[in-house]
Amino acid sequence: MKNLVFIAAFFYSLVASSQIFNPVKWEFESNKITDTEFELVFTANIDQHWAVYSQFLDDGGPIPTGFTFEGNENYTLIGDVTESDDNKVTKHDPVFEMTVSKFYDKAVFKQRVKLNNNAGLIKGSLEFMTCDDERCLPPTEVSFEFNLGEESPVLGES
């Protein structure tokens, strides 16, 4: 019985002392360009010393940031997701032993869409990986939802 109590106390102390890292907070907004075109903006606010990777990485390294849109007849994607060069650093990464592009502090991604109706619900998810100088966190998936053509064009924040 004493051994069982000791084991339970040991595991409790491990759980209590572990930390959950969430070094990246995502914000979503939309900008109206015309009556039927919108720009979806995905902003990663990144804690100090952490980084989020570009969409454009060679195989064999970190997981690139990626976007998936649930298709429906309400909208059409115009082009691909773009990423801002602000806060982007491209250099040799000793952890992955290759040259990678990553963002520090803040990363902004944009996607243009055209509404096929007066309003459109756009849903999807993004996947990203984040690392600091000592560790990498597993890839994380974040859902997003935009309700365009109505009074509240943005639904969602993580």
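How many salt bridges does the structure hold? Eight, going by this predicted model. Some notes on those, and on the pocket.

1. Start with D47 and K25, which form a salt bridge with their closest N and O atoms 3.8 Å apart. D47 sits in the loop between strand 2 (37–46) and strand 3, while K25 belongs to strand 1 (residues 24–32), so this pair ties together parts that are 22 residues apart in sequence. Both ends are partly exposed: D47 has a relative accessible area of 34%, and K25 comes in at 32%.

2. Next up is E37 with R112, a salt bridge whose closest N and O atoms are 2.6 Å apart. This one links distant parts of the chain, with E37 in strand 2 and R112 in strand 8 (residues 106–115), 75 residues apart. R112 is partly exposed, at 33% relative accessibility.

3. E83 pairs with K88, and here the closest N and O atoms of the salt bridge are 2.8 Å apart. D85 joins in too: salt bridges with shared partners make one network of E83, D85 and K88. E83 counts as buried because its relative accessible area, 13%, is under 20%, whereas K88 is partly exposed at 25%.

4. Now the largest pocket, with a volume of about 160 Å³. It is lined by 15 residues, and D93, V95, K102, D132 and D133 are the closest to its centre. Strand 3 (51–53), strand 6 (88–93) and strand 7 (98–104) are the elements giving two or more residues to the lining; strand 6 gives the most, with three.

How values were computed. Residues numbered from 1 in each chain as written. Predicted model: local features only at pLDDT ≥ 70, side-chain atom pairs only at ≥ 80, totals over all residues. Heavy atoms only, no water. 1 Å grid on protein atoms, 1.4 Å probe; cavity = no way out; pocket = protein on both sides within 12 Å on 5 of 7 lines; lining within 4 Å. Points joined across faces, edges and corners; volume = space filled by probe spheres on them. Helix = DSSP H or I, 4+ residues; strand = E, 2+ residues; numbered from the N terminus. Salt bridge = Lys/Arg side-chain N within 4 Å of Asp/Glu carboxyl O. Buried < 20%, exposed > 50% of the residue type's maximum accessible area, 1.4 Å probe, protein only.
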